[in-house]
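The sequence and structure come first.

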Amino acid sequence: MRFVIQRVSHAKVTVDNEVTGKINRGFLVLIGVCDSDTTEIADKMIKKLVNMRIFEDENGKTNLSLADVGGELLLVSQFTLYADCKKGNRPSFVKAGGPKLADDLYEYIIEGCKKTVPVVEKGIFGADMKVELLNDGPFTILLDSDEL
């Protein structure tokens with residue numbers, strides 16, 4: 001499982017000209033699922049995400065979490081995080097989780113985050129989404145379950 005975590009001042013997702021998710025200060029998280037992912041892996045990723053301390057404290061040090069700053073989450077499913085570009089110029093997505101598994105785990109992650117984060121917004125799984133954000137920093141982290 002892969003999360004691309006972007007610290008944002010604000011972000012939103014639009015599908016067919018309708019806003020499906022919108023947040024203020026917090027994290028926009030792009031979520032990629034592979035075929036070997038499980039709810040146990042998702043639990044570890046959720047715990048790491050919601051406790052990530054990448055907001056600045058009064059001394060300018062990245063020492064504060066979402067809870068510390070009243071941050072919000074915008075979660076967006078993105079199978080392209082498992083693109084394999086080793087051969088040729090057209091990426092292969094054979095490592096990405098199948099739609100049923102990926103959608104189930106995406107919804108599981110959303111519900112898991114809602115247990116500790118008051119505002120959790122989302123995109124629409126499998127839709128053509130337009131994502132807008134103001135990355136604060138910029139500050140972007142790649143969290144890969146293979147490295148936990």
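## Basis and ring pairs

Rings of Phe, Tyr and Trp (its six-membered ring) are paired if their centres lie within 6.5 Å; planes under 30 degrees apart count as stacked, over 60 as edge-to-face and the rest as tilted. By this criterion, a search of the whole structure gives three aromatic pairs.

The model is predicted: local features need pLDDT of at least 70, side-chain atom pairs count only at pLDDT 80 or more, and totals for chains, interfaces and linings use all residues. Residues are numbered from 1 along each chain as its sequence is written, and side-chain values use heavy atoms, with hydrogens and water left out.

## Phe-79 and Phe-93

The ring centres of Phe-79 and Phe-93 are 5.0 Å apart and the planes meet at 65°, so this pair is edge-to-face. Both residues lie in the loop between strand E6 (72-77) and helix H3 (99-114), 14 residues apart. Helices (H or I, at least four residues) and strands (E, at least two) are DSSP runs, numbered from the N terminus.

Phe-79 is partly exposed at 48% relative accessible area, and Phe-93 is partly exposed at 32%. Buried means under 20% relative accessible area, exposed over 50%, and partly exposed in between (1.4 Å probe, protein chains only).

## Tyr-106 and Phe-125

Tyr-106 and Phe-125 form a tilted pair, 6.3 Å centre to centre with 40° between the planes. Tyr-106 is in helix H3 and Phe-125 in the loop between strands E7 (120-122) and E8 (130-144), so the pair ties together parts 19 residues apart in sequence. Tyr-106 is buried at 1% relative accessibility, while Phe-125 is partly exposed at 28%.
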